[in-house]
Amino acid sequence: MKTSRPEMPSFHVRPSQLIQRAVDLIKDIQTATKQLLDKLSPQDATFENVVLSMAKIDNNIKSKVQFLAFFQAVSPSLELRQESSVAMSMVDTAYLELFQDENLFALVDAVHKNFDMNQMEMEDRKFLAKLHSTFIDNGLGLKEKDKKRSQEISKRLVELRVAFTENLSLDPGYIWKKEEDLEGLGAERIQTLPLCPSNGQRGVPLKKTYVNAVLSSCIRSATRKEVFLQSQRIFPENTEVFKEIVILRDERARLLGFESYAHQQARSKLLKSPRDVKSMLDELSMHLRPIAKTELEALQQAQDPPGGPLHLWDFDYHHDKMLRDNYQVDHDLIAEYFPANVTIQHMLAVFETIFGLKIESLRCIRDDYIWQPDVKVFSVHDRHSATFFGFLYLDIYPRDGKFNHAANFNIFPSYSVPEGIDQPFVCTALVCNVANPPPDKPALLKHHEVITLFHELGHAFHDLLGRSKYATFHGHRTVADFVEAPSQLLEYWCWVPECLQRLSCHYSYVSSDDSEDGERDTLMSSSTRPPKQIPRGHLEKLVEARSINQGILTLRQVAFSSFDLEIHCPASQGALKSMDIAEMYYSLLQSATYLQGPENDNRWGHGYATTPHYIWGQEANYYSYLYTRVLAANMWWSNFHFDPMSQKAGLKYRKMILEHGGSQDEQTALMEFLGGQPTVEVYLRYL
């Protein structure tokens, strides 16, 4: 079916309008629920009159709530961010009440008991199962006292999650340092930092982009230590919120009859139990620890003076220094070939090729249709049929109040139940924080930022290409331990020299309006001007150094995953209440990586509470970052390794994996795509 491009949604809203939209949505939910309950009893319940009616309600919520929530992460207006948070809390509460309604549960339960699952299509079967388990998870089916407590916990968890997220949007503050204490960052970067007129010191924002720059580039260990430790202490209000959340999760899981919250969450995943997760982490550790010890010894010898412990705040610096000294990998020089906006255009061209798409930049967009002047918008169509898939928004530069990491945000999903197409196109946003451009250059991407953008665009195209009956399965809404696999697969393109050359363009060939073949630096003569594409030699050195210190880096992820398992799978409720969470977090991090923190102290911060991962998105699921790397390595090797730009393989991947989102059985689809079971050995080969 051919479709023309529809009208773009407007982001010009006042705070009061967000609240009113939330009120209207809640009224819609309540009205639809009342109509359903008024006309049906459990004896009359069928899939068509109950489950599809519930699907309409659920689709309506999911088609509107993401828009309300989005402003919390990106709006320049503090008032709008705050009202977005309030609106989200209102809708979350109403959604929670929906699944605490005894009469509604009776209808769904009747269908669940009486319907022959084997006669249903996979997506219908998954939706009914998810619907029923959501009621169960909210205490329906418990005795009255336990049910009341479960519902109290559910409501409190919504409040706590909102509070935690609100805190993450606060300004984390600065560390003020003399310019000589920032040696190694480069004069241009230092000049972009705020200046204190009274003492000439520069302010280093305690935001991820700036913290990472100091840790990887600053020569002075004392500065790195101070910035690292202070970055682990931002948002102190979240420590108590964090502990209350994990305790309440555990209590509710035990009320529902599960051994732990991790056991409860494992029901619908590829790895079916915490034991399976621990087994996977142990297998990786067994292979990686000898490698990490060897890496540590090499890093220690590279220190000045050599030997002695290597600290957490020194690893990134010595890792980058090793790449420069031993492998001649100069990340600052490489970044000159990846001006942000041009590189992104080239990335989109890669997606056009492998997925058979047509992606157009929409210029001269009215302010109403974006939330910030430097946001860029693209339309995405199928190249063969011209079917319109949706709008892709790019918001890549940091600013006050903005989400502090890199993520893809769905704004409007697509779905097509019960009849026709109710939401025919997708709106999705890439929200990142690459360094703002200096006055005389465009923003330049380090190679790890190129990887991050490719990764998040992977989520975006999973979102854009997804087509499902139910919004709850749209795009990257798959089982939790598969979500990251499609994006991690796309990271492999960032290690293929031919692909990196396609992405590259030296910044001197970029004009001030970000078009290619301009001339950014008019003082650069043709004899001194570098080649337009990055030289092959730079890339060969970069790829050669790919495996350097991957033992330590991967064990860092094992540590974070193990921490997630510890807090969500404690021996008992009492053990969790008495757990020193900070001590657990930092002791796991140090023992796994062999990197040290402050001497004789494992309570020097609360890094676990400075990120949303354990609270909203990867709770009892952090291991999936590693598990999905195993899956991604297998997908790459079996389909793309020998021809990364193969459109045949890309269309196969689009059809078998991306288009279905979470509407199919992911394990079956994965094995069909791979032609067999995934193995850890394939992943270790790439490490």
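How many Å separate the centres of domain 1 and domain 2, taken over C-alpha atoms? The answer is 46 Å. You are looking at a predicted model, where local features need pLDDT of at least 70, side-chain atom pairs count only at pLDDT 80 or more, and totals for chains, interfaces and linings use all residues. Residues are numbered from 1 along each chain as its sequence is written, and side-chain values use heavy atoms, with hydrogens and water left out.

**Domains**
- The protein chain is split into domain 1 (15-140), domain 2 (171-232) and domain 3 (337-480 + 517-532); such bounds come from an automatic or database domain assignment.

**A helix pair: α8 and α9**
- Helix α8 (residues 208-217) and helix α9 (residues 221-231) have axes that come within 9 Å and cross at roughly 150 degrees. Helices here are DSSP runs of H or I with at least four residues, strands are runs of E with at least two, and both are numbered from the N terminus. Axes are lines fitted to C-alpha atoms, for helices over the stretch in contact, and angles run from 0 to 180 degrees between N-to-C directions.
- The two helices, α8 and α9, are therefore roughly antiparallel to each other (angles over 145 degrees count as such).
- From α8, Val211, Val214 and Leu215 meet Thr223, Arg224, Val227, Phe228 and Ser231 of α9, where contact means heavy atoms within 4.5 Å.
- By class, this contact of α8 with α9 has five nonpolar, two polar and one charged residues. Ala, Val, Leu, Ile, Met, Phe, Trp, Tyr, Cys and Pro count as nonpolar, Asp, Glu, Lys and Arg as charged, and the others, Gly among them, as polar.

**The five-stranded sheet**
- Five strands form an open sheet in the order β3-β4-β5-β7-β6, with mixed pairing; two strands pair if DSSP finds at least two bridges between them.
- At the edges lie β3 (357-362) and β6 (407-412), each pairing on one side only.
- From one strand to the next, the twist averages 25 degrees.
- Strand β5 (residues 388-395) pairs with strand β7 (residues 426-431) in the parallel sense over six bridges, and Phe391 stands opposite Cys427 in β7.
- Helix α2 (residues 47-74) packs on the sheet, touching β5, β6 and β7, and its direction makes about 140 degrees with that of β6.

**Backbone spots to check**
- Most residues other than glycine have a negative phi, and most peptide bonds are trans.
- Asp304 and Pro305 are joined by a cis peptide bond, with omega of about 0 degrees; Pro305 is found in the loop between α12 (274-302) and α13 (312-327).
- Ala386 is not a glycine, yet has a positive phi of about 70 degrees; Ala386 has its place in the loop between β4 (376-382) and β5.

Key:
Angles under 35 degrees count as roughly parallel, over 145 as roughly antiparallel, 65 to 115 as roughly perpendicular and the rest as oblique.
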